[in-house]
Amino acid sequence: MKIFLLGLIGLVIGTFVILFGGGAAIYLAILTGLFGLNAATASSTSLVTALPSLIIGAISYYHQRQINTRVGNQMLMTAIPAVIIGAMVSKYIPAKIYKWLIGIVLVVLGINMLFKKKAQTAETVKKTQFARMEAGIYGVLGGLMVGVAGMSGGAVIIGGLFLLGLQDFQATATSTYILVFMTITGAIFHIADGRVDWTAGLPLMIGAILGAIIAPRLAQILAQTKITRYMKPTIGILLILLGAKSLL
């Protein structure tokens with residue numbers, strides 16, 4: 001029964017993560033809150049669990065030509081070093097200070113998504129120096145979330161992509177692409193500090209893989225509906241709620 005429940009949870013989370021380009025930190029919350037794993041083991045397990053589904057999702061989005069690799073690579077140039085630095089200094093950062101910083105970042109990103117009226121276009125992102133710098137900043141913030149706490153960093157990445165002007169499922173597809181490389185880097189460092197609990201991780205992983213297969217096909221269907229106009233404000237509200245939870 002426990003294995004079935006884990007698989008079902010993995011299916012739901014895997015679909016959500018690939019469909020909306022972020023949210024893999026839910027794995028971490030489930031492993032620590034529901035199954036009582038310590039932080040080091042939960043971080044390692046959550047990153048390893050999320051990786052196969054992220055790779056499958058990214059491949060599917062690539063075949064659909066939804067990924068903006070130019071913008072994604074701009075973020076990865078700063079995200080990967082930030083993951084490495086974050087993993088190295090994580091033991092020296094008080095958990096309370098880290099939670100407050102992440103909370104503030106998420107709230108600010110969410111507010112910007114709700115009230116920013118005119119977004120840049122993806123073409124503008126490619127051409128302007130300021131946009132490349134902005135993409136780099138989001139990459140740093142997302143990378144630090146992975147490196148310091150073993151979170152996915154997806155909340156910051158998807159928020160940043162929407163603010164940079166990517167639209168709807170192009171933003172979520174590009175976020176999935178970025179998270180693949182961030183998660184690989186983070187997993188290497190966190191596995192060195194903790195062990196992977198395969199008893200909890202494997203059923204979650206199997207469910208998440210099924211979710212990753214479903215999500216890109218579901219995205220194609222949803223892209224033809226009016227739901228896309230609600231994606232940006234919905235993710236903005238979720239970012240504010242996540243940030244507020246971190247601050248409390």
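Buried here means under 20% relative accessible area, exposed means over 50%, and partly exposed is what lies in between, using a 1.4 Å probe and protein chains only.

Residues are numbered from 1 along each chain as its sequence is written, and side-chain values use heavy atoms, leaving out hydrogens and water.

**Overall picture**

The protein has 11 helices and zero strands; both are DSSP runs numbered from the N terminus, with helices (H or I) needing at least four residues and strands (E) at least two. Of the 248 residues, 53% count as buried. Take the contacts (heavy atoms within 4.5 Å) between residues at least 6 apart in sequence: 83% of them join residues at least 24 apart.

**Confidence**

As for pLDDT, the predictor's confidence in each residue from 0 to 100, the protein's mean is 81, and 89% of its residues reach 70 or more. Among the elements, helix 4 (residues 69-89) has the highest mean, 90, while helix 6 (residues 122-127) has the lowest, 49. Over residues 119-126 the pLDDT stays under 50, and the model has 24 contacts beyond four places in sequence for that stretch. Where pLDDT is low, the predicted coordinates should not be read in detail.

**The aromatic pair**

Rings of Phe, Tyr and Trp (its six-membered ring) pair if their centres lie within 6.5 Å; planes under 30 degrees apart are stacked, over 60 edge-to-face, and the rest tilted. Searching the whole structure turns up one aromatic pair. It is edge-to-face, because the rings of Tyr177 and Phe181 have centres 5.4 Å apart and planes at 75°. Both residues sit in helix 9 (residues 168-193), and since they are four residues apart, about one helical turn separates them.

**Cover, residue by residue**

| Residue | Relative accessibility | Class |
|---|---|---|
| Thr49 | 1% | buried |
| Phe181 | 36% | partly exposed |
| Ile237 | 44% | partly exposed |
| Arg65 | 78% | exposed |

Thr49 belongs to helix 3 (residues 39-63). What does Thr49 touch, not counting residues up to four places away in sequence? Its partners are Tyr27, Gly201, Leu204 and Met205.

Arg65 lies in the loop between helix 3 and helix 4. Its phi is positive, near 60°, in a residue other than glycine. Most residues other than glycine have a negative phi.

Helix 8 (residues 154-163) is mostly covered, with 10 of its 10 residues buried; among them are Val156, Ile157, Ile158 and Phe162. After helix 8 comes Gly165, with a positive phi near 110°.

**A nonpolar patch**

On the surface, Phe16, Ile26, Ile111, Leu114, Phe115, Ile237, Leu238 and Leu241 form a nonpolar patch, with about 700 Å² of accessible area together. Helix 5 (95-115) and helix 11 (231-247) are the elements that give two or more residues to it. Ile237 is found in helix 11. Patch residues need over 30% relative accessible area and no salt bridge, with nonpolar side chains (Val, Leu, Ile, Met, Phe, Trp, Tyr) joined within 5 Å and like charges within 9 Å. A salt bridge is a side-chain nitrogen of Lys or Arg within 4 Å of a carboxyl oxygen of Asp or Glu.

Technical notes
This is a predicted model: local features need pLDDT of at least 70, side-chain atom pairs count only at pLDDT 80 or more; totals for chains, interfaces and linings use all residues. Accessible areas come from the Shrake-Rupley method with a 1.4 Å probe; for residues, only the protein chains shown count as cover.
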